[in-house]
Amino acid sequence: MDKPSFIGLIPARYSSTRFPGKPLAKIGGIPMIQRVYERVAQVLDDIAVATDDIRILNAVEAFGGRAVMTSDKHRSGTDRCREAYEKIGSNADVVINIQGDEPFIAKRQIESLKECFNSADVQLASLARPFDPSLGFEALFDPNKVKVVLDNDMNAIYFSRSIIPYVRGAEWKLWLENAQFHTHVGLYGYRASTLKAITELPQSSLELAESLEQLRWLQAGYKIKMALTDEPTIGIDTPADLEAAEKYLCS
């Protein structure tokens, strides 16, 4: 079997309730979207930023990157990726969706995701990170840290903002000693035909309950192959996260 071809798409919208203009925020004097783009370029030759704002498009083109304008009506980065893929006229077999607020995404993480598609039956893939018990129960309890449970073949069984699995018969303070937990890393890969199909699905009851689009795909019967990563990443959701990123860069 021939190895699949890939395109990396970086959804980047300007509006954000907690951090407007986030993709253009500078870390170490360089716009965040540029840092993401340059990290992805270490692994993928075919890349584009999918944005809804001319300011982001201009910033990407200013550093020599490629960007495509997409609708400002999309509910998710997955929907934006589909429009960008079609607008570009790409023939890539697999779309890698890299979040535009992950300026420290590691080369190995993207490579791990690509490797999932060496198997012809994989239609969707993502990453999980074994939870570090030293971070403590409060970090695991954080609903912004999405948890995932895996089957024996490394497919996702379920994603949740709650702690899964529930450890019956143990006081919650001891849960970290009695089970291995995994958190989700929001990097996705989709076969091009699968990307088209999942963006045509209606929102599902589980997705609406947890506000997690990947539950729509699971509920519709799709399998999501998961690869493990232990690479540290810092997602930028707030100005406080940006300060943490600056400190990380200087450490």
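**Charged pairs and cysteines**

Modeller: Searching the whole structure, which is a predicted model, gives 12 salt bridges.

Biologist: Which parts of the chain are tied together by the salt bridge of Arg-66 and Asp-46, and how many residues apart are they?

Modeller: The two side chains meet at 2.4 Å, N to O. Arg-66 is in the loop between α2 (54–62) and β5 (67–69), while Asp-46 is in the loop between α1 (32–40) and β4 (47–51). The pair therefore ties together two loops whose separation in sequence is 20 residues.

Biologist: Is Asp-46 buried or exposed, or partly exposed?

Modeller: Buried means under 20% relative accessible area and exposed means over 50%. Asp-46 has 28% relative accessibility, so Asp-46 counts as partly exposed.

Biologist: In which helix do Lys-87 and Glu-83 lie?

Modeller: Their side chains form a salt bridge at 3.7 Å, N to O. The two residues are 4 apart, about one turn of the helix, and both belong to α3 (residues 77–88).

Biologist: What separates Glu-111 and Arg-108 along their helix?

Modeller: A salt bridge of 3.6 Å, N to O, joins the side chains of Glu-111 and Arg-108. Because the two residues are 3 apart in helix α4, their separation is about one helical turn.

Biologist: How many disulfides does a search of the whole structure find?

Modeller: A disulfide is a covalent bond between the sulfur atoms of two cysteines. For Cys-81, the closest cysteine sulfur is that of Cys-116, at 17 Å, which is too far for a bond. The number of disulfides found in the whole structure is 0.

Biologist: Is Cys-116 buried or exposed?

Modeller: The cut-off for buried is under 20% relative accessible area. Cys-81 is buried at 0%. Cys-116 has 11% relative accessibility, so Cys-116 also counts as buried.

Biologist: How far apart in space are Asn-118 and Asp-2?

Modeller: Asn-118 lies in the loop between α4 (107–116) and β7 (124–130), and is partly exposed with a relative accessible area of 42%. In sequence, Asn-118 and Asp-2 are 116 residues apart. In space, their C-alpha to C-alpha separation is 8.9 Å.

Conventions:
Residues numbered from 1 in each chain as written. Predicted model: local features only at pLDDT ≥ 70, side-chain atom pairs only at ≥ 80, totals over all residues. Heavy atoms only, no water. Buried < 20%, exposed > 50% of the residue type's maximum accessible area, 1.4 Å probe, protein only. Disulfide = S-S within 2.5 Å. Salt bridge = Lys/Arg side-chain N within 4 Å of Asp/Glu carboxyl O.
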